[in-house]
Amino acid sequence: MNSGAPWNLLSDDPTAAAARRKLVVYIVIPLLSFALHFHIFPRDLVGFHAWRQTQTQINVENFYSEDMNILYPRINERGDGDGIHRMDFPLMQWIFALVYRLLGHDVLLSRLLSFVIGVVTLYGFNHLIRNVFRDNRHAVFGVWAFCFSPVFYYYTVNPMPDNFALCCSVWGMALFFKYIRTKSLIDASLSAVCLGVATLAKPPFVVCLAGVAAYIMTGAVRSGFRHGKEYFSSRSFTSFFSFRHRFGTPQSFHNGRATASYGGYWTADSLSSNS
């Protein structure tokens, strides 16, 4: 096999092949995706799930123009109320608003930030495949397929919390499979943080957190909690279950009144009003 071919990802020279794979994953694929999306960035929010995109964008703009308190996301349909509407924890919207304060206010910026989240997701997917299959070549083709899969390709430039939750989940799973190999408390804790944040941003992603927590707890129970690393790793994950329950109870408050809202979360005000 000719190891000198510039795009030979299966080169006999491990060092050269690894460098080319990194080039493809970290540079070529993101740049190609950016070029293909380039005509989309300046456009207004249109297409499938436009209602969810606009709702997210409204949260961002109201954080930016009115109140940066992350516990008070607002919508425009206010009637005689204050417009506070709590569903998923608006961490992504709040971060976008912070960037707005630094760089200005434009839908283009929301699309670019969404694309950056998509690129970070691709990097996490690369690490996930490498940690699962222990083969860097699989990672290249996996990242390529994931990047240009129809659903991810379409939504990666749309401001939706699903993108942020997916990014955190992918990194959480990548770090978890790394933890299986290293048994590092740092890897376990970082994985728990990523999966906990993903669940806050989009509650259905709790599925990933539940599976990981079950694995950790099973290992801890089988060892009789005799091994410190397993015990403290299980504590890392169970603490984030508690965190999700504390801030992710399916209840929201609008103008001081409790309303049913899937994925809503508690705030200090709502807790005090129910004590």
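Which residues does Ser114 touch, not counting residues up to four places away in sequence? Select Ser114 to begin the tour: its partners are Phe96, Thr156, Val157, Asn158, Pro159 and Asn163, where contact means heavy atoms within 4.5 Å.

The model is predicted, so local features need pLDDT of at least 70 and side-chain atom pairs count only at pLDDT 80 or more, whereas totals for chains, interfaces and linings use all residues. Residues are numbered from 1 along each chain as its sequence is written, and side-chain values use heavy atoms, with hydrogens and water left out.

**Stop 1: Ser114 and helix H4**

Ser114 is found in helix H4. Helices (H or I, at least four residues) and strands (E, at least two) are DSSP runs, numbered from the N terminus. With a relative accessible area of 1%, Ser114 is buried; buried means under 20% relative accessible area, exposed over 50%, and partly exposed in between (1.4 Å probe, protein chains only). Next, display the C-alpha atoms of Ser114 and Phe164, which are separated by 8.1 Å although the two residues are 50 apart along the chain.

**Stop 2: H4 against H7**

Select H4 (107–133) and H7 (161–182) together. Their axes come within 8 Å and cross at roughly 20 degrees. Axes are lines fitted to C-alpha atoms, for helices over the stretch in contact, and angles run from 0 to 180 degrees between N-to-C directions. H4 is therefore roughly parallel to H7; angles under 35 degrees count as roughly parallel, over 145 as roughly antiparallel, 65 to 115 as roughly perpendicular and the rest as oblique. The crossing of H4 past H7 is left-handed, a term used if the near helix is turned anticlockwise from the far one by less than a right angle, with right-handed used if clockwise. Among the residues that meet here are Ser114, Thr121, Phe125 and Leu128 in H4, and Asn163, Cys167, Val170 and Lys178 in H7.

**Stop 3: the nonpolar cores**

Now select Ile29, Leu122, Phe125, Val143 and Val212, the residues with the most contacts inside the largest nonpolar core, which has 23 residues. A nonpolar core is a set of buried Ala, Val, Leu, Ile, Met, Phe, Trp, Tyr and Cys residues joined through side-chain atoms within 4.5 Å. The elements that give two or more residues to this core are H1 (14–37), H4 (107–133), H5 (136–147), H7 (161–182), H8 (185–201) and H9 (206–222). Centre the view on Phe125: leaving aside residues up to four places away in sequence, Phe125 touches Gly142, Val143, Phe146 and Val170. Apart from this core lies another, of 18 residues, including Val60, Met92, Cys167 and Ala198.

**Stop 4: the salt bridges**

The structure holds 4 salt bridges, each a side-chain nitrogen of Lys or Arg within 4 Å of a carboxyl oxygen of Asp or Glu. Select Asp88 and Lys202, whose side chains meet in a salt bridge (3.3 Å, N to O). This pair links distant parts of the chain, 114 residues apart: Asp88 is in the loop between helix H2 (50–65) and helix H3 (91–103), and Lys202 is in the loop between H8 and H9. Asp88 counts as buried at 9% relative accessibility, and Lys202 is buried at 15%.

Asp162 sits in helix H7, 40 residues from Lys202, and counts as partly exposed at 26% relative accessibility.

Move to Asp187 and Lys178, another salt-bridged pair (3.9 Å, N to O). Asp187 is buried, with a relative accessible area of 7%, while Lys178 is partly exposed at 32%. Finally, select Arg52, Asp88, Asp162 and Lys202 together: salt bridges that share partners join these four residues into one network.

**Stop 5: Gln57 in H2**

Gln57 lies in helix H2. At 4% relative accessibility, Gln57 counts as buried. Show its contacts beyond neighbours within four places in sequence: Leu45, Tyr100, Val107, Ser110 and Pro159.

**Stop 6: Phe34 in H1**

End at Phe34, in helix H1. Is Phe34 buried or partly exposed? Its relative accessible area is 29%, so Phe34 is partly exposed. Phe34 touches Phe41, Leu112 and Phe115, residues up to four places away in sequence not being counted. The C-alpha atoms of Phe34 and Phe115 are separated by 8.0 Å, with the residues 81 apart along the chain.
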